[in-house]
Amino acid sequence: MSRHRNAQEILPPPVRIVVTVALAVLVLIPIAYTLLLSVTPDTEIGGANLLPSHWAFSNYLQMWSTVNLALGLTNSLIIAGFASVISVVLAVGAGYIITRFKFRGRRPYLYSLIGLQTVPQVMLLLPLFVLFASTQAALHLRIVGTYPAVVITYLTFALPFATWLMVSYLGSIPMDLEEAALCDGATRLQALWRVIVPLALPGMVVALVFAFLTGWNDVLFASVLTSPETRTLAVQLQAFSSAQEGGALPLYGQLMGAAVVSAVPVVILYMVFQRYLIGGLTAGGVKG
Amino acid sequence: MSIQPVETAPEATTTIVSAERVEARAIGSRPMWLLWPSVLLLVVIIGIPLLIAIYISFLNLDQYTLKSWIQAPWVGLANYVTALTAGNVIGASALTSLGVSVGFSLLTTLFITPIGILAALTVNTQYRGRTFVRSLYLVPYVIPTFVTALVWRQMFLNGTGLVDRFLAGIHVANINTYWLLGPNSFWAMVIADTWASWAFIYIMVLAGLQSISHDHYEAADIDGANSWQKLTRVVLPQLRHILGLALLLSTLYHFNNFTLPFVLFGTPPPAQADVLPLNIYVSSFQLFNFGLGGAMAVITLIIMLIPGFMYIRALRLGEMTAS
């Protein structure tokens, strides 16, 4: 026997290599093209040659003044940051009660968390916008375009998802440890804070990262509810992209540079936390 | 056999069992108030708005009546009739959009399934560089959707995009083929979404593969099964449950995908790619016909109830077998 045959092997090695290479090529072509465009001078995009005459790394410098990327990055950080922290804090409390106690309405609550994932987001944006707009007209108070308005709408997806993740994570933590603490005279709250929270920290990080990324990636809510000062990165790039159709010289090089800059931190974050995040990726099919 | 962290749904079902067990010996008071903020918030930001959305769908509500929307004229089912019959500015009625959305979500799911299964099979055995391949497979999936859309917008630009350059290079299509306008736009959307989302099926299948006992493979080997028989008689039957869940979730996700077509085409989108969420968005926030948008949203929700119900049922079934 020349080679140990692995029983789990379904694709024969030659087939496996061909499939892997084909998939890798398909994955890499659009990425390589984007990287290429991002260093192509704007005057050469759409020319006869795919490869530029020189590498225009300056695109990565110019784009910061062409679009106010710094503002967009800050806004995305603030809005997605607040939404994710609020949802995780609330989700830990809710998850603890759901996994530790039996009470009326517990199961319907769990199912509604799942059911909420089928509600189209635009269906929530519509009444929230109407509520915000009519309230601000009645009270002469500015709501649309402020951070809290966007943060609240982000909670509509971040909170159910974070709760669902925390329910499954806290459920996997054995009760014995906190019971020991309770026997030693700790209150429920002390047990939660001193025993459960430290143990649940990895799960909380996953929920935080996911809630943050879904906020970071949102275009729908932010495109309606942000003003020029609170515009997130995603909406800025979307607006920048559609502005390139007009006339003059489209700044595709800078646009792709900005796209790279908004994707790279996310991809790195996923790769670093890959092992932990994959579980969250499959939980409910909500993607970051 | 350890349960993989990926199997979140079944894990949650064990939760339900263990909570009941612990209840019997629970000590101390029940700090139920920990639950109230999140329940209250969910009711205020989701429950009430959902009811308002349904109410709005029966109103003639536009930017002029918005200020006092409660007093806006009640028009009964008129918005629903308009949604299902008349087109909006770009000529797509809700019914047309529904067709586009159903076609888009089902076709994309159909395309990503074999790719995802094949990809999972390539990394199911240990070899050098496997970790790298696994990470690489995830990249398109984790790139933010708005970036994916920006990238594919460049890929599909007529005349200068990579797709047209390639197709013209192999003499399949004219260099000036339009992908972001007209009938091709539907396919542009399907291709871009297939590229971005096949890894979802891959992740789910990989999780399922890891839970298949090694004995099953060995038994198949002893029986002299070839690769194809192993796949169709051993692996796929055992993946049935997780794959069913994956297909359902994928269809739901694609149906509600707003970002990709919105950034890929801008507004108004080509009629052939005017998916339901985009149509609702344009009707509500660009034409300011909130009543019509509401009616379309309610129609979407009713349609979503079917897969949503199937999803919850699938999880409940898992729970019954677990207890």
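A residue is buried if 20 or more other C-beta atoms lie within 10 Å of its own, exposed if 12 or fewer, and partly exposed in between, with C-beta atoms placed from the backbone.

**Ground rules.** I am working with a predicted model, in which local features need pLDDT of at least 70, side-chain atom pairs count only at pLDDT 80 or more, and totals for chains, interfaces and linings use all residues. Residues are numbered from 1 along each chain as its sequence is written, and chains are lettered from A and ligands numbered from 1 in the order in which they are written.

**Entry 1, Leu245(B).** I found Leu245(B) in helix H10 (residues 227-255) of chain B; helices are DSSP runs of H or I with at least four residues, numbered from the N terminus. I counted Leu245(B) as buried because 20 other C-beta atoms lie within 10 Å. Its C-alpha atom is 7.1 Å from that of Tyr311(B), 66 residues apart along the chain.

**Entry 2, chain B against chain A.** I looked up the contacts (C-beta atoms, placed from the backbone, within 7 Å). In chain B, 102 residues are in contact with 92 residues of chain A. Helix H13 (residues 290-322) of chain B gives the most to that side, with 12 residues.
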